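Here are my notes on this one, in the order I'd go through them with the model open. Have a look at the side chains as you read.

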Amino acid sequence: MTDKTPDQLTANMLRKEFYVVTTTPARSPEIAKLLPEHLDYQVRLEREGKLFGAGPFYEEGDDVPSGGMIILRAQSAAEAREIADADPFHKAGLRTYTLRKWMMNEGAITLTIRFSDQSVVIAD
């Protein structure tokens, strides 16, 4: 047990704001048609530094996505909504989404950068 207050415990935490878009897919053949455009959009956001992470959700034992999550770097909820609205799936009405602000406090990432072959490994 600690004798520190919550303010003391969180004082040095990251406290980085992100916006989380959780999506609900529509089951439609149109999804497959727009998938390349959607993926291109996600990669563009990543290269622009706006996309922190994204990917589908799967229910236990399923291999068909039940939804998805996109974590955005944005200055405001309005900016995050503009980014989400521009997703080809959302523009076409093929997915609905919710938007939430998320405060990242704890976590870690491990990278190995090899100078000899200029490779990068992200640890599981």
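Predicted model: local features only at pLDDT ≥ 70, side-chain atom pairs only at ≥ 80, totals over all residues.

1. Start with Phe 18, which is buried at a relative accessible area of 3%; buried means under 20%, exposed over 50%, and partly exposed in between, with a 1.4 Å probe and protein chains only. Residues are numbered from 1 along each chain as its sequence is written, and side-chain values use heavy atoms, with hydrogens and water left out.

2. How many aromatic pairs does the structure hold? Two, where rings of Phe, Tyr and Trp (its six-membered ring) pair if their centres lie within 6.5 Å, and planes under 30 degrees apart count as stacked, over 60 as edge-to-face and the rest as tilted. Phe 18 and Phe 52 have ring centres 4.6 Å apart and planes at 45°, so this pair is tilted. It links distant parts of the chain, with Phe 18 in strand β1 (residues 16–25) and Phe 52 in strand β2 (residues 51–57), 34 residues apart. Helices (H or I, at least four residues) and strands (E, at least two) are DSSP runs, numbered from the N terminus. Phe 52 is partly exposed, at 38%.

3. Phe 18 also pairs with Trp 102, again tilted, at 5.7 Å centre to centre and 35° between the planes. Trp 102 lies in strand β4 (residues 95–104) and Phe 18 in β1, so the pair ties together parts that are 84 residues apart in sequence. Trp 102 is partly exposed, at 32%. The ring pairs link Phe 18, Phe 52 and Trp 102 into a cluster.

4. One more thing about Phe 18: the charged end of Lys 16 sits over its ring, 5.7 Å from the centre. The criterion is NZ of Lys or CZ of Arg within 6 Å of the ring centre and within 35 degrees of the ring normal.

5. On to charges: there are five salt bridges, each a side-chain nitrogen of Lys or Arg within 4 Å of a carboxyl oxygen of Asp or Glu. One of them joins Arg 95 and Asp 87, with the closest N and O atoms 3.5 Å apart. Are these two buried or exposed? Arg 95 counts as buried at 14%, and Asp 87 counts as buried at 1%. Elsewhere, salt bridges that share partners join Arg 44, Glu 48 and Lys 50 into one network. Within it, Glu 48 and Lys 50 meet at 3.4 Å, N to O.

6. Glu 30 and Lys 33 form another salt bridge, at 3.1 Å between the closest N and O atoms. Both lie in helix α2 (residues 29–47), three residues apart, about one turn of the helix. Glu 30 counts as partly exposed at 36%, whereas Lys 33 counts as exposed at 61%.

7. Last, the largest nonpolar core, which has 13 residues; Tyr 19, Val 21, Leu 45, Leu 72, Ala 80 and Leu 99 touch the most other members. A core here is a set of buried Ala, Val, Leu, Ile, Met, Phe, Trp, Tyr and Cys residues joined through side-chain atoms within 4.5 Å. β1, α2, β3 (67–72), α3 (77–85) and β4 each supply at least two residues, and the largest share, three residues, comes from α3.
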